[in-house]
Amino acid sequence: MIADTLVQTYKVSFDENNQELALSGSMRPEHGAEMEACIQLLERSIASIRGTFYINVKRLVRLNNVAFHALAGALLKAADERPDVRISIVTSSVIGWSTKKFGTLSAKNPRIAVEEYDSEFYPGQSFLEEGGFVPVLRTQTKLTWKHERSILPRHGLTPGATMADICCGIGDFAVLVAKEFAPSRIVALDHSKSSLAYARQVASEFDIGGIEYIYGDAAEMLLEDGQFDFVSCRHALQIFNKPEMIVDELVRICKPGGRVYVTNEKISQCLGEPRGPSIQWTYEQLSKLFADFDMDLEFGPKSYQALQKAGLEDIRIESFMVTNRDGDAQAFADMVMAWEEMFAGGMCEKRGDDAAFVEKFRRGFEDHIAAALHPGGYAGWPVWVASGRKPQ
Ligand SMILES: C[S@@+](CC[C@H](N)C(=O)[O-])C[C@H]1O[C@@H](n2cnc3c(N)ncnc32)[C@H](O)[C@@H]1O
């Protein structure tokens with residue numbers, strides 16, 4: 001239950017259930033006296049709790065010295081007066097200064113701890129935020145675009161729309177949409193600094209201006225409510241262990257009447273001939289491998305319900321099959337090669353799989369590649385697209 005709320009250029013609210021005081025917005029008072037109400041709420045909150053008191057500053061974008069000194073004074077005083085209480089300040093890497101600034105308080109009193117919540121905030125992060133993922137995303141988007149360029153208008157994307165691509169990866173989709181649909185505004189957000197650096201470089205090399213690349217956390221975006229006609233999030237709900245947190249944020253930044261568009265896989269349904277059974281075995285194992293890292297590569301058909309639960313209406317869902325017969329068999333084979341490298345390499349090693357498993361696992365990928373390049377072969381990768389309208 002939210003016990004108390006103050007609204008100015010910043011917000012302060014206390015959630016009794018989580019023993020959490022959340023500060024957000026821009027806190028830049030001219031005089032300490034302007035902080036009085038906030039400090040009183042902090043003191044009341046801390047007096048009412050036991051154990052750990054959380055201060056959430058994940059969305060506190062600015063904090064001047066006047067405000068910091070007022071907060072620091074109150075927190076150090078509370079830590080002195082309540083030796084039974086631990087104070088945990090939860091920061092985000094998205095706000096560059098906050099971990100360092102609040103970290104100075106830990107040095108003064110060890111019962112005040114600072115935790116950067118998104119340094120290890122979803123289990124697959126180490127695989128997905130490294131540069132090694134670039135070739136996977138490149139080839140995937142090249143292949144899915146052949147389908148999505150005609151699917152997108154059915155899900156509400158129109159020329160001139162304002163659009164955000166959340167969890168944009170290396171930004172290829174944003175570039176393709178910019179060329180094809182000429183949105184009036186396009187924001188592309190991701191939590192991988194290396195992917196965003198790559199995205200910016202590609203956009204500048206191809207002389208595509210106007211895409212706003214933003215480093216951020218899709219589950220706690222600093223973007224304001226109701227700004228975009230079209231909000232996309234592709235192949236990302238399936239790799240986050242709390243997809244509903246991201247969906248809620250997608251809905252929040254979407255304009256009433258606008259649409260949220262998501263794509264996801266059901267990886268166990270990848271197929272190919274010849275050597276179908278070997279291919280099928282490997283993709284079933286791939287699904288289990290991701291599940292062991294709390295990722296759900298079977299999410300595609302579940303996306304209908306996820307959008308429904310988030311309160312969207314007019315939900316549309318369809319699937320398409322990327323195949324070696326779409327016109328570029330080599331690109332299909334390249335994509336599977338990139339998967340094999342990443343999944344049978346790094347991920348299996350991290351899970352501790354033995355050599356016999358890895359060899360059999362690799363064989364299915366190699367059979368899938370062979371099916372893609374075989375003159376009579378057929379190889380497929382199914383993708384689910386779902387979108388819903390935000391109520392007016
Ligand atoms: C499988 S990739 C898909 C990228 C891109 N949408 C595409 O289809 O090529 C998932 C992306 O989600 C990003 N991601 C995961 N969790 C995120 C979060 N909480 N906030 C922002 N980005 C996140 C990862 O960094 C990665 O770039």
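In this predicted model, R362 is partly exposed, with a relative accessible area of 24%. R362 forms a salt bridge with E340, and the closest N and O atoms of the two side chains are 3.0 Å apart. The pair links distant parts of the chain, with E340 in helix α11 and R362 in helix α12, 22 residues apart. E340 counts as buried, at 7% relative accessibility.

Helix α12 spans residues 355-373 and has 19 residues. From its first C-alpha to its last, α12 reaches 27 Å, close to the 27 Å expected at 1.5 Å a residue. The buried residues of α12 include the phenylalanines F357, F361 and F365, together with V358 and I369.

The structure holds 25 salt bridges. One of the pairs joins D328 and K142, with the closest N and O atoms 3.6 Å apart. D328 lies in the loop between β13 (313-323) and α11, and K142 lies in helix α5 (residues 134-151), so the pair ties together parts that are 186 residues apart in sequence. D328 is partly exposed, with a relative accessible area of 22%, and K142 is partly exposed at 47%.

A further salt bridge is formed by R259 and D314, whose closest N and O atoms are 3.0 Å apart. This pair also links distant parts of the chain: R259 is in strand β11 (residues 254-265) and D314 in strand β13, 55 residues apart. R259 counts as buried, at 6% relative accessibility, whereas D314 is partly exposed, with a relative accessible area of 32%. Salt bridges also link K58, R59, E220, D225, E249 and R252 in a network.

With a cut-off of 2.5 Å between cysteine sulfur atoms, the count comes to 0 disulfides. For C168, the closest cysteine sulfur is that of C167, at 8.0 Å, which is too far for a bond. C168 counts as buried, at 8% relative accessibility. C233 is in no disulfide either, the nearest cysteine sulfur, that of C167, being 4.2 Å away. C233 counts as buried as well, at 0% relative accessibility.

Notes
Residues numbered from 1 in each chain as written. Predicted model: local features only at pLDDT ≥ 70, side-chain atom pairs only at ≥ 80, totals over all residues. Heavy atoms only, no water. Helix = DSSP H or I, 4+ residues; strand = E, 2+ residues; numbered from the N terminus. Expected span 1.5 Å × (residues − 1). Buried < 20%, exposed > 50% of the residue type's maximum accessible area, 1.4 Å probe, protein only. Salt bridge = Lys/Arg side-chain N within 4 Å of Asp/Glu carboxyl O.
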